Each structure stands twice: as C-alpha cells, then as structure tokens.
Amino acid sequence: MHTESADFLGGLRPVRSHEDQESDQKLFEWKDGPLVQAMRDGAMFLIDEISLADDSVLERLNSVLESDRMLLLAERVGGGDGDLEGEVEKLEAADGFQVFATMNPGGDFGKKELSPALRNRFTEIWCPQSRDRADLESIIEKNIRSDIHLRNTQDGTSGFGAAIMDFIEWFTSTNVGKRTTVSIRDLLCWVRFINICCEVMASPNTPSAMEVDDDSSTKPNQTKLSPEVAFVHGACLVFID
Ligand SMILES: Nc1ncnc2c1ncn2[C@@H]1O[C@H](COP(=O)(O)OP(=O)(O)OP(=O)(O)O)[C@@H](O)[C@H]1O
Ligand SMILES: [Mg+2]
C-alpha cells in the first residue's frame, strides 16, 4: 500500500455529522493521524517496514526524533479550528511517546537503506534469524493442531516439530538447500497446510472449505489426508512450488 504523510499526520476529512452548531458550516475538518495521536497521548508508535515508506513521509519524522520531539503541522493551517486560524500548530510529544520501527536489511530484494540522517536518530537492534532447533521445534509444536500427530505422543509432542526440523537440517546441508534460506514463515506455512488438510480427517462429518461436494456424507472424502501425507505434501508446497 502506498503511504503518504497524511496517513501518519492526519488531514482534512469531510464532516459527517452536523450535530453541533460550530461544525454546521464546515464541509471539512481536521482529523489527527496515528502519529499525531500517539504524540498527544504519549503512546508508543510502531512503523512496520519503515524503509518501504516514501522519502517525503520519512523526512517528516526527523524533527519528531530530535530531542525536543517537535512536529510542525503545516498541513493544519486553516483546518477550521478557531484557535488555530492562520497559525501552524507546533506539537510537542507528551511524556511516554516512543517510536519503534522495523525493516529488513537493505541488501534484501527490493529493499532500500534508510537515509543516514534518519538512521542516526534511531537505536539500531539487529535481530538475527532464529536457527536454534529447540526454539523452532517449539514454535512448530505450538502452532500444530493439538489433535494431529505423526507418531505416538509419549514425549508430549506431536512429532511434527522433530520431523520438520530433521528435514530442514538435511535440506540445508544439500547443494540446493545451502543456497536457500528457510524462514519461520516457511515453517508456519507448512504447519498451516498440515492443519488444514488434516482438519477434514479429524472431524469427517464437519463441512469444510475443502469439500466441494455437498453429498460428502455418502461418498468417501477425497480431500482427507493422513498426517504423514500432509507432511510430505506440505514440504513439496513450501520447498518445490
Ligand atoms: N520467537 C517466536 N516465537 C513464536 N513465533 C514466532 C517467533 N518469531 C516469529 N514467529 C512467527 O513468525 C511469523 C513471522 O514473524 P513476523 O511477522 O514478526 O516476521 P517479520 O520479521 O516481521 O518478517 P518480515 O520481514 O517478512 O515482515 C509470526 O507470525 C510468528 O507467528
Ligand atoms: Mg513484518
């Protein structure tokens, strides 16, 4: 989605209700955007994928990130509020206001770096991708449906965490796999596939989005997959497709 500074700062919006006398005359009124609101409330403000925003948006942040945390709302001139008529609102952030931003490194496909001016105003925290087997296994186990398992559950797990991680360890040691990055999102995609395909099997009488045939109660259900087959197809979906 294209973001412009008005999405952050606010803008003139059509007046919908004409209940009170004062707004009776106005067609448009100023509406604070999320950044301005967070500054007034002293709230936290998260900018996801900051490096994908337009420079025109980002340069408005520079003054907010200075020590006096100030924003000149030039757009609001003539916004209709009597006390601000003809003046530019100078907004200072309330206590507690904090800005967080996330981005992927500039080297990634289609990503750019932040300008040095903006980058200097943040404290940078580099988050490496988690490769810890125990962590990834527990993320998989947490996300897999509790009624599906690959083998006996004596160790208290579904068996999917270990099986998926065994595959990943083998795959990333192959020539093709060495050139591939396997992200948590890939693992979760695989898990979601298993959850959906085994859902039908876990409750054969429940209509599901995958059943196209209304008469499914009398015919064998073509879409049902055993956990093992769903596991294999999930791997194909994520790593071949
Ligand atoms: N430590 C974790 N514990 C549990 N789940 C996690 C953890 N880290 C990531 N995930 C899962 O991975 C998914 C992707 O994480 P997230 O959306 O935060 O990634 P991202 O860094 O913003 O990725 P992108 O750069 O693509 O935007 C989340 O939906 C979450 O379920
Ligand atoms: Mg993200």
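**Salt bridges and their exposure**

Tutor: Asp32 has a relative accessible area of 25% and is therefore partly exposed, since that class lies between the limits of 20% and 50%. The model is a predicted one, and in it Asp32 pairs with Arg40 in a salt bridge whose closest N and O atoms are 2.6 Å apart. Arg40 is likewise assigned to the partly exposed class, with a relative accessibility of 31%.

A further salt bridge joins Arg121 to Glu66, with 2.5 Å between the closest N and O atoms. Arg121 belongs to the loop between helix H5 (116-120) and helix H6 (133-143), while Glu66 belongs to the loop between helix H4 (61-64) and strand S4 (70-73), so this pair ties together parts 55 residues apart in sequence. Relative accessibility is 30% for Arg121, which counts as partly exposed, and 34% for Glu66, which also counts as partly exposed.

Arg119 and Glu124 form another salt bridge, at an N to O distance of 2.8 Å. Here Glu124 is exposed, its relative accessible area being 56%, because exposure requires a value over 50%. Arg119, at 35% relative accessibility, is partly exposed.

Some of these interactions are joined into a network: Arg133, Glu137, Asp166 and Glu169 are linked by salt bridges. The structure as a whole contains nine salt bridges. As a general point, side chains of opposite charge can pair when their charged atoms come close.

Note on methods: Residues numbered from 1 in each chain as written. Chains lettered and ligands numbered in written order. Predicted model: local features only at pLDDT ≥ 70, side-chain atom pairs only at ≥ 80, totals over all residues. Heavy atoms only, no water. Salt bridge = Lys/Arg side-chain N within 4 Å of Asp/Glu carboxyl O. Buried < 20%, exposed > 50% of the residue type's maximum accessible area, 1.4 Å probe, protein only. Helix = DSSP H or I, 4+ residues; strand = E, 2+ residues; numbered from the N terminus.
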